[in-house]
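The stops below are meant to be taken in order.

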Amino acid sequence: MSSKVSPIPKTAPFAEEEIDLLNRVVGSASANQRAWLAGFLAGFDAASAGASAPQTAAPARPAEPLTIVYASESGNSEKLAGDLAKAARKNGLKPTIIDMAELDLSALASAKRLVVVAATWGEGEPPGRAARAYNELMSEGAPRLDGVEFGVLALGDTAYAEFCAIGGKIDERLAALGGKRIIDRVDCDLDFAKPAARWIGDAVKALTPPNTGGRVIEVDFGAKPTASPDADIFEAEIIEHVDLNSSRSDKETVHLALSFEGGAPAYEPGDSLDLYAENDPDYVDELLKAAGLSGDDKLRTELIRSRDVTTLSLKTVETYGETTGHQYVKALLADDQARKWIAGRQLIDLIVTFPIALDAEKLRALTRSLAPRAYSIASSRGEVGDEAHLLISAVRYESHGRARKGVASNYVAERLKRGQRVRVKLKPNKHFALPAGDRDIIMVGPGTGVAPFRAFVQERRATEAKGRNWLFFGDRTFTHDFLYQLDWQDALKDGTLTRMDVAFSRDTPEKVYVQHKIWERRADLIEWLDGGAHFYVCGDAKAMAKDVRAALVRAYADVKALAPEAAEQTVVTLEREKRYLQDTY
Ligand SMILES: Cc1cc2nc3c(=O)[nH]c(=O)nc-3n(C[C@H](O)[C@H](O)[C@H](O)COP(=O)(O)OP(=O)(O)OC[C@H]3O[C@@H](n4cnc5c(N)ncnc54)[C@H](O)[C@@H]3O)c2cc1C
Ligand SMILES: Cc1cc2nc3c(=O)[nH]c(=O)nc-3n(C[C@H](O)[C@H](O)[C@H](O)COP(=O)(O)O)c2cc1C
């Protein structure tokens, strides 16, 4: 038997799996085959470089390291970190990707080159899992980064006042700690694909030391044909469309069951679906009228189907000022009043308040692509087969004297009917998955936050998981807003749901929320957690998720007689152990 040869060193500028692959091919190749390969690559190299003379191989040298850190909640930054690593490898660098959730800050100080891809969440906050390392980076104890070459790619949404705030703060902080910015930051909006790809190309070039790149042949082992962005979109038929609130509720929350002809996307409990909605035709008509473009049917169709015609960002106001020259809009910007003015307003307010004749191109330029909206999957394939269920709450409110409707939720609630079709795309979330079947789980999901927990409970039933399942649910009233009440009753009866605690805020004079129930049940809750239970929170990020976490910290302090700091540390440990998991929005 011949011994296994590994001629390609681990320091080669390839991913570990690629090095294994190369070793499998080159290691077992005959002398003849290797000679052929060497000649072929040298010739290929010369041909690609347009050179006429054959080149001789340079001695192998260790690839230069590149540290890539990503701070991500819904996976976009993580995906871009992967793209960046791939591009870096092709350019002769040796990338290491680190999730900021796992980051030990000393890794930054020892990095030679560093790229951070960071999303902003909440209202200008870091992604939940990245918060610990982010706070450490911002603290006085952060290590010096003298000489570390760095670049930051920021992801965000111009609809938020704190657009790309976290990327911006990280960029500033790295420089303040002595890092050397080697490429300017780019702040990307929701349609980030092109600007991010461009930035990645530029960053890799800027970060590659001279004489590292140049000679490298671009061979992408295992490369798939480039898929179009629409390749993963599924068309589903709506087979159930039911309002789960009573007719006397102030809310409308639609249970949507989707059926997939060729098989449902391979989703897991905890994943979401991105839903591609259309705009309200009445709103678009009003917008076109205000812009003096009512007769333009082609533009009308385009705006309804594919443009974001409601978001009003600072950038939109700036574009309006520039393209129309409207003096009041320019004054608003000059007086630094625009940011305040846009709060609670939409594009239509801008055009109605500051009217001026627009052509189709100018109006189009005020809009961006209409982004899909994410909805947690409320079913398990183990129980519903080729269906996927969603739970969608219609967003309706009034501001500045105008009734407003959320685009996607009202598309679903008001315009989609049983029998119609809708386009969706799977949005996996490996950070919000069920643990092993014998582990206990505690689920906190008020309002639509309960959706993934219906998937969890179905999955636990389908897999006959032995772990116990405890659900905290809350909404406004027991009678009118008890979402999936019958499902929970069945699950309690058949034993899949071990316990359920409910908090209906408007049934009693004093408002009761899930965090109050957590506090009430603290002794049992801590006992479950001591026994290894996983704790899940889904739903509102602004208040609920923070209040629930605070309640758990207080519960630890009380039950275990800990000082507040020690109780906080216990929850931090749960987070680090990935036993405190959140999916909030
Ligand atoms: C991972 C994930 C999972 C999700 N799962 C679910 C789910 O299971 N069910 C669900 O219903 N939603 C879920 N959402 C939220 C969902 O994606 C949409 O954000 C929501 O449906 C609103 O979208 P829309 O298009 O209807 O509203 P949009 O047109 O996007 O309008 C929403 C915007 O309106 C403004 N607004 C809303 N209310 C007010 C108010 N009272 N006053 C002033 N301004 C206001 C805010 O700027 C807000 O951002 C999830 C989100 C994420 C990220
Ligand atoms: C609930 C929620 C809050 C958000 N808050 C902000 C924000 O304050 N500022 C911003 O620029 N983007 C904000 N975003 C947009 C995200 O940063 C954007 O979707 C980004 O692509 C997410 O990247 P990720 O998948 O790596 O987490 C928010 C998105 C959601 C769903």
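In which helix is leucine 41 found? Select residues 31-49: this is helix α2, and leucine 41 is in it. Helices (H or I, at least four residues) and strands (E, at least two) are DSSP runs, numbered from the N terminus.

A note on the model before going on. This is a predicted model, in which local features need pLDDT of at least 70 and side-chain atom pairs count only at pLDDT 80 or more, while totals for chains, interfaces and linings use all residues. Residues are numbered from 1 along each chain as its sequence is written, chains are lettered from A and ligands numbered from 1 in the order in which they are written, and side-chain values use heavy atoms, with hydrogens and water left out.

Stay on leucine 41, which counts as partly exposed because its relative accessibility is 35%. Buried means under 20% relative accessible area, exposed over 50%, and partly exposed in between (1.4 Å probe, protein chains only).

Next, select ligand 1. Of the 17 residues around ligand 1, Ala374, Tyr375, Leu391, Ala408 and Ser409 come nearest; a residue is near if one of its heavy atoms lies within 4 Å. A polar side-chain atom of serine 409 lies 2.5 Å from an oxygen atom of ligand 1. A backbone N or O atom of alanine 408 is 2.7 Å from an oxygen atom of the ligand. The elements giving two or more residues to the shell around ligand 1 are β12 (373-376), β13 (387-393) and α16 (407-415). The largest share, four residues, comes from β12.

Now go to glutamate 464, in the loop between α17 (451-462) and β18 (469-475). Its phi is near 50 degrees, a positive value in a residue other than glycine. Glutamate 464 is exposed because its relative accessible area is 61%.

Last, select tyrosine 484, in the loop between α18 (478-481) and α19 (485-493). Is tyrosine 484 buried or exposed? At 5% relative accessibility, tyrosine 484 counts as buried.

Notes
Polar contact = N/O pair within 3.5 Å; in protein donor to acceptor, adjacent residues only side chain to side chain.
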